[in-house]
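Colleague: I have a model open and would like to learn how to read its features. Could you take me through some of them?

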Amino acid sequence: MDSRRWTRRAFGQAALALAGSSLAVQSGLSTTAASKRLAFVGSAPPDQPERGSIHSFRVVGDRWTALATLPAPAPAHLLMHPTLPVLYAVHAVDTWDHLPRGAVSAYSVDRQTGRLGLLHTQPLSLSATYPCHAVLTAGASHLFVAAVGGGIFNLLPVTTGGALLPVSAIRKEFGSEENSTAKLSTPDSTALLPDGTLLAADSGQETLTSFAIEQDALVVRHRTRVHPGEGPARLSVSPDGRFAYTFGATSGAVQRHRLVDGRAVQTAALAPPMVDVPREPKAHVQHAISLLLV
Amino acid sequence: MIATVTRDDERYAQLHRTRNARFPKDDADSVARIELCETAEDVQAALQRAVHAGLRPTVRSGGHCYEDFAVNNPGGVLIDVSKLNTVAASPGGGWQVGAGAMLGDMYKGLYELGGVNIPAGSCYTVGAGGHLSGGGYGLLTRQQGVSADLLSAVDILTVRHNGTVQLRHVNRHTDADLFRALRGGGGANFGVITVFYFDTLPAAPKQLMSGGLSFPWDTMTEDKFIEIASTYGHYFATRGCEPDTWPLFALMGLSHKTERGRINVSATWHDMDGSADLRVPTEFLDLFLKCDTQVAELKDLQTSAHAPSGGRFQTTPCVEGKHRWNTKPWLQATVDGNSGGIKGYGSARGKYKSCYMKQNFTTAELKTMYAWLTRDIPNVNAGCVISVDSYGGRANQPHLAHETAVPQRNSILKLQYQMYWTNPDEDAARLKYFDDMYTDIYSANVADAHVGTPFHGTNYEGCYINYPDADMTRYKFWPELYYGTEGLYPFLQSVKKKYDPNNIFHYSMAVRA
Ligand SMILES: Cc1cc2nc3c(=O)[nH]c(=O)nc-3n(C[C@H](O)[C@H](O)[C@H](O)COP(=O)(O)OP(=O)(O)OC[C@H]3O[C@@H](n4cnc5c(N)ncnc54)[C@H](O)[C@@H]3O)c2cc1C
């Protein structure tokens with residue numbers, strides 16, 4: 001176990017340096033750090049993502065003390081059940097049990113020691129490779145996962161005890177073609193709006209799409225083309241659900257989209273290009289670094 | 001017109017399944033609907049509808065896939081092209097075969113149209129769609145080549161980056177890379193095939209003569225087993241390489257030991273010119289007289305996929321130079337029996353594995369086979385057979401390894417491991433036995449890195465993609481087992497990226513780009 005002490009600032013910098021563009025990491029820090037005491041960091045060697053780990057830290061003020069480490073393949077995204085001591089990790093791999101797909105795991109969290117215990121892992125659907133983001137739906141009834149490699153969304157029912165059930169719905173996307181530029185679907189981020197709508201950014205398709213869940217199936221509600229010519233990446237939503245923020249996938253320019261009924265209706269440029277965003281879908285996830293403060 | 005069959009339709013119970021009763025594994029793996037298409041336009045519309053709805057399409061022609069590639073598609077769409085079964089003369093010359101045609105109908109149709117033949121498989125109900133795109137071989141392969149070798153063009157529906165379905169007519173000049181990939185690269189990797197075209201085809205034989213020998217398990221010993229199998233292998237490693245023997249197709253069924261069970265060796269002679277000259281197959285069968293034989297009169301003429309297990313046996317001893325031959329006109333012999341299971345919706349559970357062999361068996365290999373074939377599976381009645389088909393001849397034209405997606409061009413035998421049962425409770429025990437047997441057999445003549453598989457080397461030339469075995473995916477090198485080590489798989493990956501960039505067509509052993 002690493003006994004180094006991490007400061008929030010030092011970790012934030014490391015995360016940004018490694019992950020390239022990380023709007024989600026920053027907003028996670030600012031909204032949850034103050035009041036909570038545990039932090040989880042997922043990381044993996046870029047050349048051997050399957051040998052990744054999730055590290056637990058105790059956070060006291062600015063001090064981070066390493067508590068425990070658990071092996072976890074390419075933990076590209078971490079999220080916590082809203083009411084139960086269950087952590088979910090999205091494994092950004094291209095093969096699981098020898099088949100072309102990623103996986104998600106549920107872990108029990110010991111709030112006293114910070115130790116994680118693997119509860120179980122659910123493979124994703126075929127072709128759902130390099131999943132890199134997920135959200136829990138309203139009431140934590142489902143886990144909604146975006147896989148950049150295969151351009152696929154998966155929905156997994158979650159039991160009242162927080163267990164993940166096998167994939168119940170699959171949505172296979174396609175890319176876009178314009179002016180001799182052809183791109184693949186790369187849904188790299190998702191969000192839950194306060195009204196229960198699921199939102200996803202897909203830079204290859206150049207869309208923001210809102211989904212509803214009907215009888216365990218994923219139904220597209222609205223699809224809006226944003227950031228024409230480059231597409232949106234790294235979606236983040238304001239707490240009141242009125243605005244979505246995205247990076248332009250190639251320019252790194254930040255844009256704000258006003259949301260009405262889950263549909264992006266008006267887009268405004270907020271900031272000039274800030275970061276280099278990786279173009280290859282794999283590059284989005286190859287560092288598999290993630291951070292969660294609870 | 002498309003007929004859509006959904007879960008609330010009473011036809012669904014049968015139509016969502018495949019010939020192998022193991023698949024789909026359960027309800028959760030099953031498709032949401034089946035689109036029964038009649039025309040290429042129907043297929044295009046059904047495919048477009050699936051892609052736009054974000055649903056995964058899978059494809060079925062004859063439904064004879066050994067694994068669950070087409071019917072394991074949770075909530076997806078199964079596009080059934082079995083009604084695209086026209087076998088006709090092509091307007092521009094040559095012949096065309098609809099992807100949904102069953103092989104039996106294909107033989108009959110081509111014979112009626114021009115007395116010609118495609119050297120394809122022996123089972124009547126196998127579909128052209130999966131069979132021809134995965135290579136396709138049969139009794140006439142030594143004489144006429146692999147089916148995909150003869151292919152001139154293909155109509156295929158692919159899906160562009162933006163999700164639009166596109167009909168392509170591909171051949172040596174147009175989309176030549178895709179055309180090569182479709183000549184044996186395996187079904188449903190790149191799109192949905194609607195028609196196969198053949199500019200020229202060889203003439204069908206005049207008649208077929210078949211004879212055989214059998215060796216009872218009751219009196220079998222390890223030495224005798226080794227002698228029989230190595231006699232067979234030696235012939236195809238030596239004399240069987242000479243062109244005058246290529247009309248000979250032979251099959252050796254190394255069955256699991258059972259009471260009254262037998263090991264059969266059959267010889268099928270294709271009489272190409274009507275001369276009824278049986279010297280070659282007689283010479284072949286004579287080789288086994290030293291092995292204490294009985295004569296087998298074999299009813300059906302089939303490749304290993306449906307190895308004869310019984311037949312009627314004579315009690316009189318065999319006499320050198322004299323064997324009982326069963327003679328039939330070629331077409332009758334080929335389409336009689338309607339084998340393979342009606343429409344491909346079967347009740348038998350099956351598991352299959354394969355191996356291309358470049359040399360005769362080694363003694364160590366045969367000892368291991370013997371040990372497994374005489375070993376009991378606790379509480380299970382072993383129903384497995386290692387079928388050893390003759391191979392080589394015109395299949396071994398080296399330049400075709402680079403023009404097609406069939407890299408195996410040095411083999412003399414093609415083995416198919418088959419296991420059949422009906423009780424789902426036996427799945428685990430049978431699959432384990434079968435896997436352990438195969439792993440053990442291919443642990444002898446293989447370099448450390450590839451132990452457990454017939455990896456390309458001195459003895460073996462990998463596996464056959466039309467006999468897919470999902471167990472092989474546990475090896476990182478599984479694509480090389482099927483596609484060789486000479487760059488074919490990277491080529492197929494580049495074709496996949498270009499023509500199916502969204503990976504719309506995927507399954508457990510699809511080309512992974
Ligand atoms: C009883 C039996 C006997 C056999 N005998 C022989 C033999 O003698 N020689 C031999 O070489 N093989 C033989 N085989 C193996 C056979 O060639 C393969 O199983 C073949 O792939 C079956 O094709 P299908 O269309 O019947 O099956 P399907 O299950 O319909 O298809 C098999 C695969 O091809 C894909 N596919 C089907 N149609 C299309 C299409 N139109 N476009 C694109 N992809 C498509 C499917 O999605 C699936 O992945 C035999 C199999 C059986 C069960």
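Predicted model: local features only at pLDDT ≥ 70, side-chain atom pairs only at ≥ 80, totals over all residues.

Colleague: Which residues of H7(B) meet H10(B)?

Modeller: From H7(B) they are B:Glu222, B:Phe225, B:Ile226, B:Ala229 and B:Ser230. Their partners in H10(B) are B:Thr363, B:Leu366, B:Lys367, B:Met369, B:Tyr370 and B:Leu373.

Colleague: Now a single helix. What span does H14 of chain B reach from its first C-alpha to its last?

Modeller: H14(B), residues 488–499, has 12 residues and reaches 16 Å, close to the 16 Å expected at 1.5 Å a residue.

Colleague: Which residues of H14(B) are buried?

Modeller: Buried means under 20% relative accessible area. In H14(B) that applies to B:Leu488, B:Tyr489, B:Leu492, B:Val495, B:Lys496 and B:Tyr499. These residues lie on the same side of H14(B), because they cover an arc of only 115° around the axis. On the other side, B:Pro490, B:Lys497 and B:Lys498 are exposed.

Colleague: Let us turn to chain A. How many helices and strands does chain A have?

Modeller: Chain A has 3 helices and 23 strands. Of its 294 residues, 55% count as buried. Among contacts in chain A with a separation of 6 or more, 47% come from residues 24 or more positions apart.

Colleague: Take one residue, then. Is A:Ala200 buried or exposed?

Modeller: A:Ala200 counts as buried because its relative accessibility is 2%, and the cut-off is under 20%. A:Ala200 lies in strand E16 (residues 198–202) of chain A.

Colleague: Which residues is A:Ala200 in contact with, leaving aside its neighbours within four places in sequence?

Modeller: They are A:Phe144, A:Phe153, A:Ser189, A:Thr190, A:Thr207, A:Leu208, A:Thr209, A:Phe211 and A:Leu235. A:Phe144 is 56 residues from A:Ala200 along the chain, and their C-alpha atoms are separated by 9.8 Å.

Terms used. Residues numbered from 1 in each chain as written. Chains lettered and ligands numbered in written order. Heavy atoms only, no water. Helix = DSSP H or I, 4+ residues; strand = E, 2+ residues; numbered from the N terminus. Expected span 1.5 Å × (residues − 1). Buried < 20%, exposed > 50% of the residue type's maximum accessible area, 1.4 Å probe, protein only. Arc of directions from axis to C-beta. Contact = heavy atoms within 4.5 Å.
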